[in-house]
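Dear colleague,

Please find the structure below for your records. My notes on its salt bridges and surface follow.

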Amino acid sequence: MIASYQDLMVWRRAMELAEEVYRLAKLLPKTEQYGLTSQVLRSAVSVPANIAEGHARSGPREFLSFLSIAGGSLAETETLLMLAVRTGLLPTERTSRALRIADEVSRKLGAWK
C-alpha cells in the first residue's frame, strides 16, 4: 500500500527532474531571469507538486486529474528545455539528462491512465 506520495516512484523521479532543472537554470543568462528561467522553474516544480497534491485528495478521480495536470507541466518543461537548447542558451549535453528523466516521468504518468 502507498501510504504517502513520497512512496511513489513517479514523484521521486519528478523531484529529480526539478532538481536537475534548478541546476540547469543556473546556466541561463541573467537576461532570462524573468522569462525562460522563471517559467522553466515553475513548470518543473509543478510536476511533483501536482503529483503530491493529487495523492492527498479524496479519491482516485481527483488523483488522475492532478496527474494530468502534472503531465501538462512536464510537457511545458520539456518544451522550454528544448527551446533553450535550440536557441543556444543551454548546451545539449547538459540538458540531455533532464530530458531523459522527463521521458521516464512521462512514461510513468502514462501508466496511471
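**Salt bridges and a surface patch**

E104 and R13 form a salt bridge, with their closest N and O atoms 2.7 Å apart; the term denotes a side-chain nitrogen of Lys or Arg within 4 Å of a carboxyl oxygen of Asp or Glu. This pair links distant parts of the chain, as E104 lies in helix 4 (residues 92-111) and R13 in helix 1, 91 residues apart. Helices here are DSSP runs (H or I, at least four residues), numbered from the N terminus.

The model is predicted: local features need pLDDT of at least 70 and side-chain atom pairs count only at pLDDT 80 or more, while totals for chains, interfaces and linings use all residues. Residues are numbered from 1 along each chain as its sequence is written, and side-chain values use heavy atoms, leaving out hydrogens and water.

R13 also meets E16 in a salt bridge (2.2 Å, N to O). R13 and E16 are three residues apart in helix 1 (residues 9-25), so about one helical turn separates them. R13 counts as buried at 16% relative accessibility, whereas E16, at 26%, is partly exposed (buried is under 20% relative accessible area, exposed over 50%, partly exposed in between; 1.4 Å probe, protein chains only).

A further salt bridge joins R23 and E20 (3.0 Å, N to O). These two residues are likewise three apart in helix 1, about one helical turn. R23 is partly exposed, with a relative accessible area of 41%, and E20 is buried at 8%. Elsewhere, salt bridges with shared partners join R13, E16, E104 and K108 into one network. The whole structure holds eight salt bridges.

With kind regards
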